[in-house]
Amino acid sequence: MAISKHLVLTEDGIRALNNSLGNLVLDSGARAALLIDKSGQMIAAQGETSHYDTMSISALVTGSFNSTKAIATLLGEAEFTKMFQQGATNSIYVAALKTHDILAVIFPNQIPVGRIKYKVEQSLDGVDQQMDAMYKQSPASSPMRPAQAPAPKINDLF
């Protein structure tokens with residue numbers, strides 16, 4: 001999959017991603033699902049996101065996931081594409097997309113990790129396709145090009 005350097009977020013694209021993440025949360029019983037770009041910025045999130053500092057989690061998951069790439073290299077692997085961390089009450093399952101972005105699912109320990117893995121695998125192709133479509137959009141086709149964005153009317157305020 002050829003990947004453009006620019007992710008063009010569109011209203012339809014974000015809506016589709018939120019639907020996919022929402023379905024993943026509902027189907028798996030997870031608490032939250034986060035879609036994170038390769039730089040650590042959260043793109044979309046669904047579930048009990050108000051209970052978590054999702055911005056910090058996104059950045060830390062990305063850093064942790066990237067460090068596992070170095071471990072993979074040391075072990076002679078091209079990469080690790082999945083990561084699982086288990087806590088006393090919550091766990092997190094992380095999967096890499098083909099676009100090298102990250103899907104992170106936070107879930108209570110009452111839910112077997114196998115169920116989360118299965119539901120994430122079912123969702124990955126759809127999320128990958130949605131992300132790939134947004135990477136293939138040119139910034140010029142974005143509905144909010146800077147030249148077309150509404151000009152600030154600061155003089156109207158005074």
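Me: How far apart are the end C-alpha atoms of helix α2, and what should its residues span?
Reply: In this predicted model, local features need pLDDT of at least 70 and side-chain atom pairs count only at pLDDT 80 or more, while totals for chains, interfaces and linings use all residues. Residues are numbered from 1 along each chain as its sequence is written, and side-chain values use heavy atoms, with hydrogens and water left out. Helices (H or I, at least four residues) and strands (E, at least two) are DSSP runs numbered from the N terminus, and the expected span of a helix is 1.5 Å times one less than its number of residues. The 21 residues of α2 (residues 54-74) should therefore span 30 Å, which agrees with end C-alpha atoms that are 30 Å apart.

Me: Which residues of α2 are buried, and what arc do they cover around the axis?
Reply: Buried means under 20% relative accessible area, exposed over 50%, and partly exposed in between (1.4 Å probe, protein chains only). By that criterion the buried residues of α2 are Thr54, Ser58, Val61, Thr62, Phe65, Thr68 and Ala72. They lie on the same side of α2, because the arc that they cover, taken from the directions from the helix axis to the C-beta atoms, is only 125 degrees.

Me: Which strands do the buried residues of α2 pack against?
Reply: The face of α2 turned away from its buried side carries the exposed residues Met55, Leu60, Thr73 and Leu74. With contact taken as heavy atoms within 4.5 Å, the buried residues of α2 pack against β1, β2 (42-47), β3 (82-86), β4 and β5.

Me: How many residues of strand β5 are buried?
Reply: In a regular strand the side chains alternate between the two faces of the sheet. On one side of β5, Ile102, Ala104, Ile106 and Pro108 are buried, and on the other Leu103, Val105 and Phe107 are buried as well. For strand β5 (residues 102-108), the number of buried residues is seven of seven.

Me: Over how many bridges does β5 pair with β4?
Reply: Two strands pair if DSSP finds at least two bridges between them. Alanine 96 has isoleucine 102 in β5 as its bridge partner, and in the hairpin of β4 and β5, with five residues between the strands, histidine 100 takes a positive phi near 75 degrees. Strand β4 (residues 90-96) and β5 pair in the antiparallel sense, and the number of bridges is seven.
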